[in-house]
Amino acid sequence: MGLIDNINKLFDHRIRLGIMSILMVNEEVDFNRLKELLDVTDGNLASHTKTLEKAEYIKIEKSFIGKKPNTRYSATALGKVSFKKHIEALEHIIKNQ
Amino acid sequence: MESKKYLDDISQIKDLMNRSSRFISLSGLSGILAGIYAITGAIVTYIFLIPKNEGYVTLHSWNFKIIVGILVAVAVLSLVTAYLLSSKKAKKNNEKVWDETTKRLLISFLVPLVTGGIYILIKLNSQHYGLTGSLMLIFYGLALVNASKYTIGNVKYLGYAEIILGLICAALPGYGFWFWVIGFGVLHIIYGSLIYFKEEKA
């Protein structure tokens with residue numbers, strides 16, 4: 001039961017899981033790169049990044065390159081620790097089947 | 001049921017971590033070809049350009065200029081081959097050749113390599129050509145080790161091998177040419193073949 005508790009509901013979703021996976025191994029990633037890697041629509045991606053930002057798992061930085069808006073994402077320390085715990089929980093459950 | 005979903009999650013995490021940070025499509029065949037170019041260049045140099053009796057090639061002789069030309073040609077041909085074959089393989093794997101990852105890969109490869117190249121040119125200009133072979137191997141090895149964090153596979157072992165060879169070469173002056181042939185020719189062919197056969201199996 002304890003193990004199931006470690007499964008983080010926020011990461012229990014394909015796109016949010018994907019966003020976190022990418023941000024674990026890249027310091028900073030911009031919107032288009034995330035979109036391309038995850039193969040999702042703009043609106044879909046935006047809503048999931050917002051959810052993760054609200055939980056303070058990721059940081060969103062908006063800026064302009066010339067006239068084009070550029071949004072960059074990075075994982076926070078809290079996000080990284082939480083995601084690691086989530087992965088460990090997944091691995092435990094699989095091993096103990 | 002649940003556990004199957006978690007297994008999928010784990011494999012998705014791994015896949016995205018790799019795809020977002022590593023380039024998997026380096027082609028083994030391009031390694032083999034780079035080795036063959038290097039050995040061809042070395043044979044031409046050995047037969048036609050190294051004076052047989054008096055063991056020196058001076059900086060302003062035409063021999064020297066042709067040797068530099070051959071070196072540049074080998075390097076350019078190898079890079080173009082690597083680019084063409086890797087992009088073909090990337091297309092097959094549904095991977096982009098030119099994205100954030102390959103940009104970082106190229107930068108981390110080029111910084112040590114260009115530094116070494118400039119350093120060697122400066123040394124050559126002050127008539128220090130004794131260590132050229134060794135320096136080329138060492139800086140090339142460092143470039144490979146540095147770039148290997150953006151690739152999947154064993155590029156870093158090729159890098160370590162080049163560095164060790166370069167250091168041995170520095171300790172044994174006079175054999176620079178032969179160490180160069182081993183490092184850029186033989187090692188590339190061995191490494192490329194290993195990757196190539198692994199690709200074929202996969």
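## Basis of the description

Helices (H or I, at least four residues) and strands (E, at least two) are DSSP runs numbered from the N terminus. The model is predicted, and local features need pLDDT of at least 70, side-chain atom pairs count only at pLDDT 80 or more, and totals for chains, interfaces and linings use all residues. Residues are numbered from 1 along each chain as its sequence is written, while chains are lettered from A and ligands numbered from 1 in the order in which they are written.

## Helix 3 of chain A

Just after helix 3 of chain A, A:Asp39 adopts a positive phi of about 60°. Helix 3 itself spans residues 31–38, and its buried residues are A:Leu34, A:Leu37 and A:Leu38. Here a residue is buried if 20 or more other C-beta atoms lie within 10 Å of its own, exposed if 12 or fewer, and partly exposed in between, with C-beta atoms placed from the backbone. An α-helix has 3.6 residues a turn, so residues three or four places apart point the same way.

## Architecture of chain B

Chain B contains seven helices and zero strands, giving the pattern α-α-α-α-α-α-α along the sequence. Its C-alpha atoms fill a box of roughly 80 × 30 × 25 Å along the principal axes. Of the 202 residues of chain B, 33% count as buried.

## Nonpolar cores

A nonpolar core is a set of buried Ala, Val, Leu, Ile, Met, Phe, Trp, Tyr and Cys residues joined through C-beta atoms within 7 Å. The largest has 32 residues, of which B:Leu137, B:Phe139, B:Ala143, B:Leu144 and B:Ala147 touch the most other members. Helix 2 (28–49), helix 4 (100–125), helix 5 (132–147), helix 6 (155–171) and helix 7 (176–201) of chain B each supply at least two residues of this core. Helix 5 of chain B makes the largest contribution, eleven residues.

A second, separate core of 21 residues includes A:Phe11, A:Leu23, A:Val29 and A:Tyr73.

## Contact between the chains

Two residues are in contact if their C-beta atoms, placed from the backbone, lie within 7 Å. The contact between the chains draws 13 residues from chain B and 15 residues from chain A. On the side of chain B that touches chain A, helix 1 (residues 2–21) gives the most, with twelve residues.
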